[in-house]
Amino acid sequence: AVTAPVATRTTPELPSSVKLTHPDRLYWPDDGVTKQGLANYYAEVWEAMAPFVVDRPLALLRCPDGINGQCFFQKHVWRGANKAIKLFKDPQDDASEEPLVMISALEGLIGLVQAGALELHPWGSTIKKLEQPDTIIMDLDPGEGVSWERICDAAREIKARFEDLGLAAFVKTSGGKGLHVVSPLKPKADWDTTKAFTKQIAESMAADSPDEFVSVITKSKRKNKILVDYLRNGRNATAVAAYSSRARKGAAVSMPVAWDELGPNIRPDGFTVENAPAHVANRGSDPWADFRKAAQLLPKLPSKRR
Ligand code: ATP
Ligand code: MN
Ligand code: MN
């Protein structure tokens, strides 16, 4: 038998426009992942990642001293931000408010790495159509006692419900405990309409399978159940980007997966800054390659059962 050639990888060159100071600074001390290591990771996955982070406002989880230091969730730009980081004024912010953060190329992302941004949380809309989301996301949050198999089944149930309504469905690991089911939209409906749509899906899942799902965030109600967190779909709400690293032990990343990969061979935090580049280089095809092409108009609200 002939063995298939293994793709050889060379780390793409980093843009010379952004200087990394202290490249050996450990961002994940227990995992040995440095600032330089994170920058190299992003250079390797940039081509696949770009559509999900370019030209949309980004909230950031910044941990300049690494995950064991102080981290802050930040929506607005800070003093001294690298010039590769673009700015965008939210028309709904006060005049006194700093602009939002945005990137248009890899150099912007490296600028964010330089600033200790260990998680990127994009809006579900682009700056071209800020008030009309082009992405919806159902965030599956397992309560205590929920098996991985049940989380995967929950993702497949959302896929089925989306597809029944004419929407496409894509899935990614969160890099934490759960999964995110994501659907591309043609940007037309406004934020409130879009959030109401996702709320109704979450509520009907909880109504149809009350032992399986909850749609309210009350922690005490979540034991042995899965929260279908639809609240990521409001204006100003965010969810972690595909391919973003997580500021948690293990240096996991949020990884797009194919539906037929979803099962016992993967884990929600199994893809990491260290192992993801080889996975991405060797996976054959990008399971999210047709994401934007699959965009649909937001369907009418499914009518409530009585
Ligand atoms: P997991 O699979 O472990 O649930 P997750 O990324 O889905 O991982 P959640 O707690 O379900 O984590 O979602 C939190 C979301 O809330 C984040 O994705 C982020 O966009 C948003 N968020 C709002 N405020 C904060 C904050 N202060 N720190 C972190 N995230 C925040
Ligand atoms: Mn979650
Ligand atoms: Mn959540």
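1. In this predicted model, Asp139 meets ligand 1 through its side chain: an N or O atom there is 2.8 Å from an oxygen atom of the ligand. Arg246 does likewise, with a side-chain N or O atom 2.8 Å from an oxygen atom of ligand 1. For Thr238, a polar side-chain atom lies 2.7 Å from a ligand oxygen. Taken on its own, ligand 1 exposes 620 Å², and the protein buries 68% of that (areas by the Shrake-Rupley method with a 1.4 Å probe; for residues, only the protein chains shown count as cover).

2. A word on conventions: residues are numbered from 1 along each chain as its sequence is written, chains are lettered from A and ligands numbered from 1 in the order in which they are written. Local features need pLDDT of at least 70 and side-chain atom pairs count only at pLDDT 80 or more, while totals for chains, interfaces and linings use all residues, and side-chain values use heavy atoms, with hydrogens and water left out.

3. On to the metals. The manganese ion (ligand 3) has Asp139, Asp141 and Asp229 as its protein donors, each through OD, at 2.1 to 2.2 Å (donors are N, O and S atoms within 2.8 Å of the metal, or 3.2 Å for Na, K and Ca; water is not among the atoms, so sites may look incomplete). Along the chain these donors follow the spacing D-x1-D-x87-D. Asp139, in strand E8 (residues 135-142), and Asp229, in strand E12 (residues 226-229), are 90 residues apart, so the pair links distant parts of the chain (strands, E, are DSSP runs of at least two residues and helices, H or I, of at least four, numbered from the N terminus).

4. Asp139 counts as buried because its relative accessible area is 8% (buried is under 20%, exposed over 50%, partly exposed in between, with a 1.4 Å probe and protein chains only). Asp229 is buried as well.

5. Two backbone spots deserve a look. Most residues other than glycine have a negative phi. His22, in the segment before strand E1 (26-28), has a positive phi of about 50°. With 52% relative accessibility, His22 is exposed. Asn236, in the loop between E12 and strand E13 (256-257), has phi near 80°. Asn236 is partly exposed, at 34%.

6. Asp90 belongs to the loop between strand E5 (86-88) and strand E6 (100-102), and is buried at 2% relative accessibility. Its side chain makes a polar contact of 2.8 Å with the side chain of Arg235 (a pair of N or O atoms within 3.5 Å; within protein, one must be able to donate a hydrogen and the other to accept it, and residues adjacent in sequence count only if both atoms are side-chain atoms).

7. Last, Ala168, in the loop between helix H3 (148-164) and strand E9 (170-173), is buried at 18%. Its C-alpha is 7.6 Å from that of Gln296, although 128 residues separate the two along the chain.
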